[in-house]
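Reader: I've never read a protein model before, and I'd like to learn how. Could you take me through one, feature by feature?

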Amino acid sequence: MVIKEARFVTSASDRKGFVVPDKPLIAVCGKSNVGKSSFINMLAGRAKLARTSAEPGRTRLVNYFDFGEFLLADLPGYGYARVPKGEKLRWAKLLDDFFACGAVAHVFALADIRHEPTADDKTMIEFLYGTRTPFTVIATKADKLAKTRVKDAARRVAAAFRTGEGNVIAVSSLTKRGREEVLAAVEGICERFREAPEEEAEEEELG
Ligand SMILES: Nc1nc2c(ncn2[C@@H]2O[C@H](COP(=O)(O)OP(=O)(O)OP(=O)(O)O)[C@@H](O)[C@H]2O)c(=O)[nH]1
Ligand SMILES: [Mg+2]
């Protein structure tokens, strides 16, 4: 798959603002600072499509991006300790509502390739299993490891998320490593959506 153009669509602060998609909607989630916005920019081939920041907890809304054949939603990162409790509750509600609306075809669950999953990562993954939402684990910041260590590290991430090695893609938004693999995965998601847009979730689960 080739990305011709990617553009920002809209931001939603609550369910009233959610986009009703007419193409596959892929949600990008993961803890604060894991590299969600950078990952989206890497896929888009545009440095400043999604706002990135060294300061965690920056993305506080659901931001939608149109990639032509599919939509991506950049979700607020979870697990940032220095966020006031009221704000945390608001995010949790936003994420709950987002998944409850049933529009998500697939999730890219981002995890730093160097780290053990946090309690919040585990909650996220349990949620995906529990709701039978198809997902791919994206192991971010692979450039921070020596090349020879990436494969082993991705394997560890797979085990930690109780999924197969084939369901983990190591990426780097700096070197663009993994971009083609991710786009191939997206191609598959789009194909399944074309075949059965309504039953996407069930089909994936059986497969
Ligand atoms: N070395 C390296 N740094 C990265 C990579 N991806 C992101 N970063 C850095 O990690 C920090 C966080 O990146 P973001 O893309 O803003 O992370 P995010 O998950 O969107 O963060 P929130 O929106 O706060 O949840 C920034 O300083 C990025 O430059 C990567 O592949 N390699
Ligand atoms: Mg972000």
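Predicted model: local features only at pLDDT ≥ 70, side-chain atom pairs only at ≥ 80, totals over all residues.

Reader: Let's begin with the hairpin of E3 and E4: which residue there takes a positive phi?

Author: That's Gly68, with a phi near 90 degrees, and the hairpin has four residues between its two strands. Residues are numbered from 1 along each chain as its sequence is written, and chains are lettered from A and ligands numbered from 1 in the order in which they are written.

Reader: How many bridges join E3 to E4, and do the strands run parallel or antiparallel?

Author: For strands to pair, DSSP has to find at least two bridges between them. Strand E3 (residues 62-66) has four bridges to E4, and the two run antiparallel. You can find Asn63 opposite Asp74 of E4. Strand E2 (residues 25-30) also has four bridges to E4, but this pair runs parallel. There, Leu25 sits opposite Leu71, and Ile26 opposite Leu72.

Reader: Which way do the residues of E4 point, and are they buried or exposed?

Author: Count the other C-beta atoms (placed from the backbone) within 10 Å of a residue's own: 20 or more is buried, 12 or fewer is exposed, and in between is partly exposed. In strand E4 (residues 71-74), Leu71 and Ala73 point one way while Leu72 and Asp74 point the other, and all of them are buried.

Reader: Zooming out, in what order do the strands form the sheet?

Author: The order is E1-E3-E4-E2-E5-E6-E7, seven strands in an open sheet with mixed pairing. At the edges are E1 (7-12) and E7 (168-170); each has a single partner strand, so one side of each lacks a neighbour in the sheet. From one strand to the next, the twist averages 25 degrees. Such angles run from 0 to 180 degrees between N-to-C directions, using lines fitted to C-alpha atoms, for helices over the stretch in contact.

Reader: What does helix H3 touch on the sheet?

Author: Contact here means C-beta atoms, placed from the backbone, within 7 Å of each other. Helix H3 (residues 119-130) packs on the sheet and touches E2, E5 (104-112) and E6 (135-140), with its direction at about 155 degrees to that of E5.

Reader: Take helix H2: what should its residues span, and how far apart are its ends?

Author: The expected span is 1.5 Å times one less than the number of residues. For the 16 residues of H2 (residues 85-100) that gives 22 Å, and the end C-alpha atoms are 22 Å apart, which agrees.

Reader: Which residues of H2 are buried?

Author: Trp91, Leu94 and Phe98. Looking down the axis of H2, you'd see these buried residues within an arc of 60 degrees, so they line one face of the helix. That arc is the one made by directions from the helix axis to the C-beta atoms. The buried residues pack against E3. The face turned away carries exposed residues, among them Lys85, Leu89 and Asp96. After H2 comes Gly102, with a positive phi near 70 degrees.

Reader: And which residues are buried in H4?

Author: In helix H4 (residues 150-160), they are Ala153, Ala154 and Val157. They cover an arc of only 100 degrees around the axis, which puts them on the same side of H4. Their cover includes E5, E6 and E7. The face of H4 turned away from the buried side carries exposed Lys151, Asp152 and Ala159.

Reader: Where is Asn33, which has a positive phi although it is not a glycine?

Author: Asn33 lies in the loop between E2 and helix H1 (36-44), and its phi is about 80 degrees. It counts as buried because it has 20 C-beta neighbours inside 10 Å. Lys176, another non-glycine, has a positive phi of about 70 degrees. You'll find Lys176 in the loop between E7 and helix H5 (179-195); with 13 C-beta neighbours inside 10 Å, Lys176 counts as partly exposed.

Reader: Finally, how many helices and strands are there in the protein?

Author: Six helices and seven strands. The radius of gyration, taken over C-alpha atoms, is compared with a globule rule: 2.2 Å times the number of residues to the power 0.38. The protein's 16 Å is close to the 17 Å the rule gives for 207 residues, so it is as compact as a globular protein of that length. Of those 207 residues, 40% count as buried.

Terms used:
Contact = placed C-beta atoms within 7 Å.
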